[in-house]
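Okay, thanks for having me, everyone. Let me put the structure up, and then I'll walk you through it piece by piece.

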Amino acid sequence: MYDGKTVKKRYKHTLQFLKSSISKEESILDLGVANPFSEMMISKGFNVTNTKGEDLDLDTSAVTSEGYDVVTAFEIFEHLVSPFNVLNDIKAKKLVASVPLKLWFASAYQSKTDERDRHYHEFEDWQFDWLLEKAGWRIKKREKFTNPVRKIGIRPILRRFTPRYYIIYAERV
């Protein structure tokens, strides 16, 4: 589990990327139920509506509304069996999304207690790029960033230097 400083660092990086990619006047559909980061976006002046927690693998109707300028998805696509279906069905013209990167020194995250909190995918950057391209998106901006944990050991040291997250801004082709 992450400590508060680690989460704040990731949120700060994500918020800076969002601010540099879209304007506060654009309406955002944030995939996933309301959460601390969506609340932070709202507190910073973004116009955000969250999805209701529906299973996006089975029901993509939440993203087919044309009432939004941007869809955001922060660490959501790794939880879907088929992220292509959601990416393909999005009607908004802009997408800001982040995914955890596959790490050679750590296995994929698997919750033992919450079946909704499992990673079906941890992407390499090129895999996520191909998925976006196949679903009709053109990446305009991308970054990788680290998110060190405050623990002792070899993997925590490697996490200081190895990018863990990949964030993109893309527009519909």
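This is a predicted model: local features need pLDDT of at least 70, side-chain atom pairs count only at pLDDT 80 or more; totals for chains, interfaces and linings use all residues.

I'd like to begin in the middle, with the largest nonpolar core. That core has 28 residues, and L31, F77, L87, I90, L95, F128 and I168 are the ones that touch the most other members. Where do the members come from? The elements that give two or more residues are the strands β3 (70-74), β4 (94-100), β5 (137-145) and β6 (165-172), plus the helices α3 (83-89) and α4 (125-134). And there's another core lying apart from this one, made of 17 residues, including L18, M41, I167 and Y169.

What does F77 touch? Leaving out residues up to four places away in sequence, the list is L31, P83, V86, L87, A97, V99, H121, F123 and F128.

Okay, zooming out. The protein chain has five helices and six strands, and if you read from the N terminus, the order goes α-β-α-β-β-α-β-α-β-α-β. There are 173 residues in the chain, and 46% of them count as buried. Now take the contacts between residues at least 6 apart in sequence: 67% of those join residues at least 24 apart.

Next, have a look at β6. Six of its eight residues are buried, so β6 is largely enclosed by the rest of the structure. Which strands does β6 pair with? There's β4, running antiparallel to β6 and joined to it by seven bridges; in that pairing, K94 has E171 as its bridge partner. Then there's β5, also antiparallel to β6, with eight bridges.

Last stop: helix α2, residues 36-43. Its buried residues include F37, S38 and M41. Why do they sit on the same side of α2? Because they cover an arc of only 100° around the axis. As a reminder, an α-helix has 3.6 residues a turn, so residues three or four places apart point the same way. On the face turned away from the buried side of α2, you find P36 and S43, which are exposed.

The ends of this helix are worth a look too. After α2 comes G45, which has a positive phi, near 100°.

That's my tour, so over to you for questions.

Notes
Residues are numbered from 1 along each chain as its sequence is written. Side-chain values use heavy atoms; hydrogens and water are left out. Buried means under 20% relative accessible area, exposed over 50%, partly exposed in between (1.4 Å probe, protein chains only). Helices (H or I, at least four residues) and strands (E, at least two) are DSSP runs, numbered from the N terminus. The arc is that of the directions from the helix axis to the C-beta atoms. A nonpolar core is a set of buried Ala, Val, Leu, Ile, Met, Phe, Trp, Tyr and Cys residues joined through side-chain atoms within 4.5 Å. Contact means heavy atoms within 4.5 Å. Two strands pair if DSSP finds at least two bridges between them.
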